[in-house]
Amino acid sequence: MNLYKRIILATIFIVSTLGASSQGIRFEYFGVSGVASRYGPLEFYGIGFEQNVGDKISLGLTYRKGYDITSGETVDPEYVSYLKNSDEVRIDLLQTGAWSEFSYSSKYHFTDNSDGGFYIANSLSLFSAKTIINITSISVNGSSESNYDGVGTIAYEKSITLLPMSFDLGYRSEFDGWYQDYYFGINLLPFGNNKTVTPSQLSDHGITSKFNSLSFRFGLCFGIAW
């Protein structure tokens with residue numbers, strides 16, 4: 001059983017033993033997150049489960065996935081230039097990527113959590129990202145090369161895991177039957193944003209990954225509660 005499935009089962013077990021009075025399935029049909037904004041489009045979609053606990057608290061688990069951001073059409077080209085054994089080297093590249101996350105959240109509702117009203121929320125996510133560096137060209141002393149210093153004109157992939165924390169202000173309508181939920185907040189990466197890239201020759205010359213330590217987000221959701 002993989003880690004994601006264990007998280008889902010553990011969360012459902014925890015909330016089911018806390019005397020919760022109602023639960024719902026929610027669909028995040030449009031969201032924007034700035035964690036990976038410098039890789040391309042910001043949009044994501046998601047699906048989640050949430051459950052009321054007592055009168056003021058609700059807990060939830062949500063899976064989110066960023067829209068395809070691997071085309072490279074909306075990202076800025078980069079390059080590195082350096083001297084190697086008296087050779088003048090220039091490497092042009094594009095950084096793209098893809099991401100998904102599981103997020104565990106806790107909401108405090110200013111009114112009864114079954115009624116419509118505002119809430120504040122915090123969450124911790126397991127953010128799984130794949131970064132892709134496409135080497136578009138290599139020039140050595142002005143001449144085009146397909147490979148130099150262990151770097152070729154290919155795509156290099158690297159998988160990393162980040163742990164974002166989020167703080168949101170939101171509004172959820174009456175939690176009975178069909179409901180709506182809107183939120184706006186910030187993302188933080190308090191445990192680092194994993195700047196190293198592959199191949200290491202690029203890191204040695206200043207190329208880093210581009211996940212933002214501080215960013216904004218918002219989401220539009222609808223769901224069904226029972």
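**Exercise 1. Place P199 in the chain and describe the peptide bond that joins T198 and P199.**

Step 1. P199 lies in the loop between strand 12 and helix 2 (200-204). Helices (H or I, at least four residues) and strands (E, at least two) are DSSP runs, numbered from the N terminus. The model is a predicted one, in which local features need pLDDT of at least 70 and side-chain atom pairs count only at pLDDT 80 or more, while totals for chains, interfaces and linings use all residues. Residues are numbered from 1 along each chain as its sequence is written, and side-chain values use heavy atoms, with hydrogens and water left out.

Step 2. The bond between T198 and P199 is cis, with omega about 5°.

Step 3. Most peptide bonds are trans, and most residues other than glycine have a negative phi.

**Exercise 2. Locate S86 and D149, and state the phi and exposure of each.**

Step 1. S86 has a phi near 70°, a positive value in a residue other than glycine. S86 sits in the loop between strand 4 (78-84) and strand 5.

Step 2. S86 is exposed, at 70% relative accessible area. The cut-offs are under 20% for buried and over 50% for exposed, with partly exposed in between (1.4 Å probe, protein chains only).

Step 3. For D149, phi is near 55°, again positive in a residue other than glycine. D149 belongs to the loop between strand 8 (147-148) and strand 9 (151-152), and is partly exposed at 27% relative accessible area.

**Exercise 3. Which side chain meets D149 in a salt bridge, and which parts does the pair tie together?**

Step 1. The partner of D149 is K84, at 3.7 Å from N to O. A salt bridge here is a side-chain nitrogen of Lys or Arg within 4 Å of a carboxyl oxygen of Asp or Glu.

Step 2. D149 is in the loop between strand 8 and strand 9 and K84 is in strand 4, so the pair ties together parts 65 residues apart in sequence.

Step 3. K84 is partly exposed, with a relative accessible area of 31%.

**Exercise 4. Work through the salt bridge of K210 with E78, then that of R26 with E28.**

Step 1. In the pair K210 and E78, the closest N and O atoms are 3.8 Å apart. K210 lies in the loop between helix 2 and strand 13 and E78 in strand 4, so this pair ties together parts that are 132 residues apart in sequence.

Step 2. K210 is buried, at 10% relative accessible area, whereas E78 counts as partly exposed at 21%.

Step 3. The side chains of R26 and E28 meet at 2.7 Å, N to O. R26 counts as buried at 5% relative accessibility, and E28 is buried at 1%.

Step 4. R26 and E28 also belong to a network of salt bridges that links them with E50, R64, E101, K107, R172 and D181. The count of salt bridges comes to twelve.

**Exercise 5. How many cavities of 30 Å³ or more does the structure hold, and what lines them?**

Step 1. There are two such cavities. A cavity is a set of points, on a 1 Å grid over the protein atoms alone, where a 1.4 Å probe fits but cannot get out; lining residues have an atom within 4 Å of a point.

Step 2. The largest cavity has a volume of about 130 Å³, the volume being the space filled by probe spheres set on the points, which are joined across faces, edges and corners. Its lining has 15 residues, with R26, T62, R64, S105 and K107 nearest the centre. Strand 3 (57-66), strand 5 (87-109) and strand 6 (117-140) each give two or more residues to this lining, and strand 3 has the largest share, four residues.

Step 3. By class, the lining of the largest cavity has four nonpolar, five polar and six charged residues. Ala, Val, Leu, Ile, Met, Phe, Trp, Tyr, Cys and Pro count as nonpolar, Asp, Glu, Lys and Arg as charged, and the others, Gly among them, as polar.

Step 4. The second largest cavity holds about 70 Å³ of space. Its lining includes R64, W99, E101 and F127, and by class has five nonpolar, four polar and three charged residues.

How values were computed. On a 1 Å grid over the protein atoms alone, a cavity is a set of points where a 1.4 Å probe fits but cannot get out, and a pocket is an open set with protein on both sides within 12 Å along at least five of seven lines; lining residues have an atom within 4 Å of a point.
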